[in-house]
Structures are given as C-alpha cells and as structure tokens.
Amino acid sequence: TLLALRDEGTQMPANAIVLSPLADLTNSGESRIINKYRDPVLPARRLFELQTMYIGDASPLDRVLSPVFADFDGLPPILGQVGSTEILLDDSRRSAQRASDADVPFYLEVWRDMPHVFSFFSILPEARIAIGRMAEFIRNSELDPLPEEFGWSD
C-alpha cells in the first residue's frame with residue numbers, strides 16, 4: 001500500500017505499522033523452513049493456499065506483491081512486529097533491510113516465542129505490551145528498543 005501511495009504521488013501517512021507481513025511471495029526466506037513446524041497460527045501449507053488466492057496469475061516477483069524486492073525510498077518510518085517462531089520472520093527482516101538501504105527508519109521487533117500476529121490475542125500479556133508500543137509509535141514515529149525480556153530489536 002505504501003509503495004502504491006508513493007508511486008501515485010498520494011500524501012504518505014506519518015508512519016506505518018506492519019504485523020507479521022507477508023512480504024515475499026516467492027517463499028525464499030529461510031524462516032519458511034526453519035519455523036515450518038514452530039508457527040501454530042500460520043502453517044506453511046496454509047500459506048501456499050493464501051498466496052494462490054491472493055496473487056492468481058501475477059508474478060510473485062512483482063515488487064508491490066513482494067515488497068522485499070522493492071525500493072523503499074520515500075516511505076515513512078515503519079514499525080514491524082513479528083514472532084520469532086513465525087514462518088514469515090524473514091519477510092520482516094528483509095523488509096527492514098530494504099528500508100535501511102533506503103535510509104527509512106524501520107523499527108523491527110522480533111518477539112520471543114510469539115506466533116503469527118500474536119498482538120491480536122489480547123489474553124497474552126505480550127499482546128497488550130505490543131499494542132502499547134504500537135500506540136507509542138503512532139504518536140511519535142519512533143520507538144525505544146524492545147526490552148530483552150520480550151525479544152530483540154534489529
């Protein structure tokens with residue numbers, strides 16, 4: 001969405017938040033293999049089904065469909081939250097690298113032992129903390145590193 005807004009010349013938001021983004025439809029990230037049996041929310045087999053429904057006949061290399069292949073120049077600061085057990089972990093890491101290459105602030109938080117989009121599960125104490133961090137980022141467009149007890153910031 002940010003790439004499309006930028007490309008059409010629409011005013012950008014002050015910042016953006018991505019939660020466990022599916023940013024590589026080529027499935028080339030190592031976390032697809034390493035975390036294949038560790039992510040209880042998004043199993044690898046389900047990911048392929050979702051991708052097929054989403055892209056149809058389009059190329060998975062399309063930079064709008066797979067932002068890990070895009071140029072992030074001109075994008076606003078981004079907060080990315082992802083669990084360490086996710087098959088999509090590398091999508092977040094590679095997106096953060098693309099942002100860094102373009103000098104775009106990307107606050108990547110890798111939450112220890114958390115599943116796909118864990119912040120939706122309000123019963124988890126980590127989810128409440130993650131949501132609080134999102135609110136702080138929305139207000140300030142920057143964020144202190146994630147406390148080590150929850151994971152790490154890249």
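Reader: What distance separates the side chains of Glu-86 and His-116 in their polar contact?
Author: This model is predicted: local features need pLDDT of at least 70, side-chain atom pairs 80 or more, while totals for chains, interfaces and linings use all residues. Residues count from 1 along each chain as its sequence is written, and side-chain values use heavy atoms, without hydrogens and water. A polar contact (N or O atoms within 3.5 Å, one able to donate a hydrogen and the other to accept it; sequence neighbours count only through side-chain atoms) joins Glu-86 and His-116 at 2.9 Å.

Reader: Which residue has its backbone nitrogen 2.7 Å from a polar atom of the Glu-86 side chain?
Author: Start with the place of Glu-86. This residue sits in the loop between strand S2 (78-83) and helix H4 (89-101); helices (H or I, at least four residues) and strands (E, at least two) are DSSP runs numbered from the N terminus. The backbone nitrogen at 2.7 Å belongs to Gly-83.

Reader: How far is Glu-86 from the nearest side chain of opposite charge?
Author: Glu-86 is buried (under 20% relative accessible area, 1.4 Å probe, protein chains only; exposed is over 50%, partly exposed in between). Yet Glu-86 has no salt bridge (Lys or Arg side-chain nitrogen within 4 Å of an Asp or Glu carboxyl oxygen). Lys and Arg count as positive, Asp and Glu as negative, with His and chain ends left out. The nearest opposite charge is on Arg-32, at 9.1 Å.

Reader: How many salt bridges does the structure hold, then?
Author: Other residues do pair up: Arg-6 and Asp-7 meet at 3.0 Å, N to O. Those two are also linked with Arg-63 in a network. The total for the structure is nine.

Reader: How many residues apart in sequence are the parts tied together by Arg-94 and Asp-24?
Author: Arg-94 and Asp-24 form a salt bridge, with the closest N and O atoms 2.7 Å apart. Arg-94 lies in helix H4 and Asp-24 in the loop between strand S1 (16-19) and helix H2 (31-34), so the pair ties together parts separated by 70 residues.

Reader: Is Asp-24 buried or exposed?
Author: Compare the two partners. Arg-94 has a relative accessible area of 26%, so Arg-94 is partly exposed. Asp-24 has 0%, so Asp-24 counts as buried.

Reader: In what order do the elements run from the N terminus?
Author: The protein chain has five helices and four strands. Its C-alpha trace spans about 40 × 35 × 25 Å along the principal axes. Of its 154 residues, 45% count as buried. From the N terminus on, the order is α-β-α-α-β-α-β-α-β.
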